[in-house]
Amino acid sequence: MALFSRSGVSEKFIRFAIVGTMGFFWDTSTVYALRGVMGLYMAGVMGFLVAATANWGANRIWTFRHHIHTAPHVQWMRFLLANSIGFVFNRGTFFALISISKLCHAQPVLPIIAGSAAGLSFNYFLSRRFVFS
């Protein structure tokens, strides 16, 4: 992480991005596991909820570990609310791509990657400012 920190990228942002990468795997696994059962759109919503919950926990205990934390259920709800803006960009990108691209519909990992990238900055800023402050 020292290499990134020397480049001017904050250590917390790096940690947040690493947690987000883990969330990407939770999200993707959930979408692939549920798409045959509930369709791609609902699987996408469920994937986001699973990943957001896992990311909240990891950010709570690792990225923002030195912060004073509120009650877990309150902070989790704040995390979901704050990240709802990132959700619009994340899942908006996901839904748009699976609607217009046969490749993305057949390989949901591609729009998951695009959506994750679209929501990252919003989620970090709002999480740092309103959830883990």
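**Reading the helix packing and the cores**

In helix α3, the residues that count as buried are Q75, F79, L80 and A82. This is a predicted model, in which local features need pLDDT of at least 70 and side-chain atom pairs count only at pLDDT 80 or more, while totals for chains, interfaces and linings use all residues. Residues are numbered from 1 along each chain as its sequence is written, and side-chain values use heavy atoms, with hydrogens and water left out.

Q: What do "buried" and "helix" stand for here?
A: Buried means under 20% relative accessible area, exposed means over 50%, and partly exposed is in between (1.4 Å probe, protein chains only). Helices are DSSP runs of H or I with at least four residues, numbered from the N terminus. Take Q75, which is found in helix α3: its relative accessibility is 0%, so Q75 counts as buried.

Q: Which residues is Q75 in contact with, leaving aside its neighbours within four places in sequence?
A: Contact means heavy atoms within 4.5 Å. By that rule, Q75 touches W56, R60, H69, T70, V131 and F132. As for the helix, the buried residues of α3 pack against α2, α4 and α6.

Q: Where is N83, and is N83 buried or exposed?
A: N83 sits in the loop between α3 and α4. With a relative accessible area of 3%, N83 is buried. Beyond its neighbours within four places in sequence, N83 is in contact with F48, N123 and S127.

Q: How do I read a nonpolar core, and which residues make up the largest one here?
A: A nonpolar core is a set of buried Ala, Val, Leu, Ile, Met, Phe, Trp, Tyr and Cys residues joined through side-chain atoms within 4.5 Å. The largest has twelve residues: F16, F48, A52, W56, F64, F79, L80, A82, Y124, L126, V131 and F132. Two or more residues each come from α2 (11–63), α3 (72–82) and α6, and α2 gives the most, with four residues. There is also a second, separate core of seven residues, which includes F24, F94, I98 and I112.

Q: At what angle do α4 and α6 pack?
A: Axes are lines fitted to C-alpha atoms, for helices over the stretch in contact, and angles run from 0 to 180 degrees between N-to-C directions. Angles under 35 degrees count as roughly parallel, over 145 as roughly antiparallel, 65 to 115 as roughly perpendicular and the rest as oblique. Helix α4 (residues 84–100) and helix α6 (residues 109–131) pack at about 170°, their axes 7 Å apart. The two are therefore roughly antiparallel to each other.

Q: How many aromatic pairs does the structure hold?
A: Rings of Phe, Tyr and Trp (its six-membered ring) pair if their centres lie within 6.5 Å; planes under 30 degrees apart count as stacked, over 60 as edge-to-face and the rest as tilted. This structure holds nine such pairs. For F16 and Y124, the ring centres are 5.3 Å apart and the planes are at 70°, so this pair is edge-to-face. F16 lies in helix α2 and Y124 in helix α6, so the pair ties together parts that are 108 residues apart in sequence. Both F16 and Y124 are buried. Another edge-to-face pair is F24 with F25, at 5.1 Å centre to centre and 70° between the planes. Here F24 is buried, with a relative accessible area of 16%, whereas F25, at 51%, counts as exposed. Ring pairs also link F13, F16 and Y124 into a cluster.
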